[in-house]
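Please open the model in your viewer and show the side chains.

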Amino acid sequence: MNLDHVFVCGHPALDFAATLRARRTVRFEMFVTPERLNAWYLDSGLVDTITPGDEQDVHEARTVREAVYRLVTNRRLDEPFDREALAVLNAAARKPPVTPQLTTAGRHNEATPEQALATVARQAVELLSGPDVPLMKECGNPECTRVYIDRSRGMRRQWCGMESCGNKIKAAAYRARKKTPSTAGAL
């Protein structure tokens, strides 16, 4: 499995929730170390620099991530919010977020892992209470469990991303069609 962080969901909170990949099958965890967690915060553009984290930061991030995923699923399926997940998300969102600083070189976001997590939690609150809720869809790849924002014309997007899932599914369908003998010529 690719260890690179992928940002195809159209919203940072959804990309964060997607860091546990293939939830229904092989379950691949992206946050295995404090360094991998901090790499996500940096790669996402949420922060420019981050202080080193520890195993507790990883545990808290995974807990909040699972709450976000649960609440996104609740909202997408038009179910009531899971109360435990709400409590986890709101507790994280109450903590101090990343605070931008102005430097001689421009804007700079330096944070602790706790501040970065609080910022992601706040973004999830905004997403789940905002106008993009009807645009949330789950990827059409049965092995993928990413939820993304579909802003395509006619809301016809089927995959979290063409590179990550769409090309694989389309190539598999093409190979399946080529293996099946054509019955059109037999008529």
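Begin with Arg 24, which is partly exposed because its relative accessible area is 49%. This structure is a predicted model.

The side chains of Arg 24 and Glu 138 form a salt bridge, with 3.3 Å from N to O. This pair connects distant parts of the chain, since Arg 24 sits in the loop between β1 (20-21) and β2 (28-29), while Glu 138 belongs to strand β6, 114 residues apart. Glu 138 has 23% relative accessibility and therefore counts as partly exposed.

Keep Glu 138 and select Arg 76. A salt bridge joins these two side chains as well, at 3.9 Å from N to O. Because Arg 76 lies in helix α3 and Glu 138 in strand β6, the pair ties together parts that are 62 residues apart in sequence.

Now turn to Lys 137 and Asp 150, whose side chains meet in a salt bridge of 2.8 Å, N to O. Lys 137 is in strand β6, and Asp 150 is in the loop between β7 and α6 (162-179). Is Asp 150 buried or exposed? With 0% relative accessibility, Asp 150 counts as buried.

Then select Thr 145, in the loop between β6 (136-138) and β7 (147-149). Its relative accessibility is 4%, so Thr 145 counts as buried. The side chain of Thr 145 reaches the backbone nitrogen of Arg 23 at 3.4 Å. Beyond its neighbours within four places in sequence, Thr 145 is in contact with several residues, including Arg 24, Tyr 69 and Glu 138.

Note on methods. Residues are numbered from 1 along each chain as its sequence is written. This is a predicted model: local features need pLDDT of at least 70, side-chain atom pairs count only at pLDDT 80 or more; totals for chains, interfaces and linings use all residues. Side-chain values use heavy atoms; hydrogens and water are left out. Helices (H or I, at least four residues) and strands (E, at least two) are DSSP runs, numbered from the N terminus. Buried means under 20% relative accessible area, exposed over 50%, partly exposed in between (1.4 Å probe, protein chains only). A polar contact is a pair of N or O atoms within 3.5 Å; within protein, one must be able to donate a hydrogen and the other to accept it, and residues adjacent in sequence count only if both atoms are side-chain atoms. Contact means heavy atoms within 4.5 Å. A salt bridge is a side-chain nitrogen of Lys or Arg within 4 Å of a carboxyl oxygen of Asp or Glu.
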